[in-house]
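Hello,

Here is the structure we spoke about handing over. My notes on it follow below.

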Amino acid sequence: MKIAVLPGDGIGPEIVAQAVSVLNALDEKFEMETAPVGGAGYEAAGHPLPEATLKLAQEADAVLFGAVGDWKYDTLERALRPEQAILGLRKNLKLFANLRPAILYPELAGASTLKPEVVSGLDILIIRELTGDIYFGQPRGVRTCPDGPFQGEREGFDTMRYAETEIRRIAHVAFQTAQKRGGRLTSVDKANVLETFQFWKDIVIDVHREYPDVALEHMYVDNAAMQLVRAPKKFDVIVTGNMFGDILSDAAAMLTGSIGMLPSASLDANNKGLYEPSHGSAPDIAGKGIANPLATILSAAMMLRYSLNKAEQADRIEAAVKKVLAAGLRTPDIYEPGTTKVGTAEMGQAVVAALSE
Ligand code: IPM
Ligand code: MN
C-alpha cells in the first residue's frame with residue numbers, strides 16, 4: 001500500500017516527519033513517497049499543486065498532508081497561492097466528505113476556555129461537505145454591477161449552489177456515520193434565508209427515510225454556532241455545507257482547548273482519503289521544534305482506519321497518544337504547570353516508544 005506524503009509549509013514538515021516515524025514503527029510496512037505542495041510546490045515547480053504531486057496523490061491509496069500557507073505568498077495571484085493546493089486536491093480527488101472530530105481528552109480538560117462541566121467528555125463529529133457550495137460555485141469574480149442601487153460600480157460576487165447528488169451523498173455518509181455513533185444527526189442550514197439551504201434541508205429529510213433509526217434535527221447555522229459554545233455535548237454528528245462547516249469546525253476545535261490535537265479525514269466515494277491536522281501551517285512557530293505533532297499523528301491513525309483497513313494499528317496509535325498525555329508530556333500549546341514541556345520531536349518519539357509498551 002502506498003501513501004503520498006505531502007508535508008507542505010510552515011510547521012508541516014516537522015509534524016509530518018513525526019507521523020511518518022510513527023507509521024514506520026508499526027509492524028505493517030507502508031511505501032511512502034514525499035512530494036512538495038503549497039508554497040513548497042510553488043518554490044519547487046512554480047505551482048502550489050505541481051502536476052507530479054497531483055499524480056502521486058492520485059495513484060496513492062491515501063494522502064498524508066501537513067499544512068500549507070505562509071504570509072510571504074499572500075501577494076501572489078490567487079491561482080498560485082498555497083491554499084489552492086488543498087482546494088485543488090479536494091476537487092481533483094473528489095474528496096467530498098470531510099470528517100472533523102472534536103474530542104476532549106480528559107487530561108486536557110483544563111486547556112479549554114470553556115468551563116470543565118460544559119466540555120468534559122466532549123466527543124462530537126462535524127461532517128463538512130468539501131467540494132461544493134460557495135467555495136467552488138461558478139460564476140465568481142469582480143464585475144460591473146448589472147442592476148440595483150449600485151449599478152455600474154464594481155462588485156465582487158460568488159455563487160452558492162448545491163446539486164441534488166452532492167447533498168444526497170454527503171447525507172448518506174452522515175446518516176451512516178451517526179448509525180455507528182450515538183444515532184443522532186444535526187443538519188445545519190440557513191433555510192430561513194437561502195434557497196440553496198432550503199433545498200439542502202428538503203433533500204436531507206428525503207434521505208432520512210432510509211435511516212429511520214437515526215434521530216434527525218435541523219438547526220440554523222447561527223443557532224448552531226451558539227449551541228456549540230453553550231451546550232456542545234448535546235451534539236453527536238453534525239452535517240453541513242462547505243462554508244458553514246469551515247466556520248463551525250474551527251469553533252468546535254477550540255472547545256477542546258487545542259486545535260493542535262485534532263485530526264481530520266477527507267474521503268471520496270470509495271474511502272480513499274486525504275488526512276491532515278485540523279490546524280494550519282503556523283509560520284510563526286515554524287522551524288522552532290515546538291509544534292504539536294499529535295493532530296498529524298492522529299490523522300495517520302484515521303488514515304489507517306478509513307483508507308487502509310488497519311483498524312487495530314489505528315487503535316494502537318490512539319492508545320499510544322493517550323499514554324503520552326497520561327504521562328504528562330505536553331507541547332507548549334497544551335502545557336499547564338505540573339506537566340512536562342517537550343518539543344515536536346520528543347513528543348513524536350514518546351508516541352513511538354509508547355507503541356511498544
Ligand atoms: C480548512 C482551511 C481551508 C478551507 C483553507 C486553507 C482553504 O481553512 O481546511 O478548513 O477553507 O477549507
Ligand atoms: Mn478552515
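Pro-277 has 29 C-beta neighbours inside 10 Å, so it counts as buried (buried means 20 or more other C-beta atoms within 10 Å of its own, exposed 12 or fewer, partly exposed in between, with C-beta atoms placed from the backbone). This is a predicted model, in which local features need pLDDT of at least 70 and side-chain atom pairs count only at pLDDT 80 or more, while totals for chains, interfaces and linings use all residues. Residues are numbered from 1 along each chain as its sequence is written, and chains are lettered from A and ligands numbered from 1 in the order in which they are written.

Pro-277 lies in strand S12, residues 273-277 (strands are DSSP runs of E, at least two residues, and helices runs of H or I, at least four, numbered from the N terminus). Leaving out residues up to four places away in sequence, Pro-277 touches Ile-15, Ala-67, Leu-262, Pro-263, Ala-295, Thr-296 and Ser-299 (contact means C-beta atoms, placed from the backbone, within 7 Å). Its C-alpha atom is separated by 8.5 Å from that of Leu-294, 17 residues away along the chain.

On the chain as a whole: it has 12 helices and 14 strands. Of its 357 residues, 48% count as buried. The C-alpha trace spans about 65 × 50 × 40 Å along its principal axes. Among contacts between residues at least 6 apart in sequence, 75% join residues at least 24 apart.

Around ligand 1 are Glu-83, Ile-86, Leu-87 and Asp-246 (C-beta atom, placed from the backbone, within 6 Å of the ligand). Helix H4, residues 83-92, gives the largest share of this shell, 3 residues.

Regards

Key
Contact = placed C-beta atoms within 7 Å.
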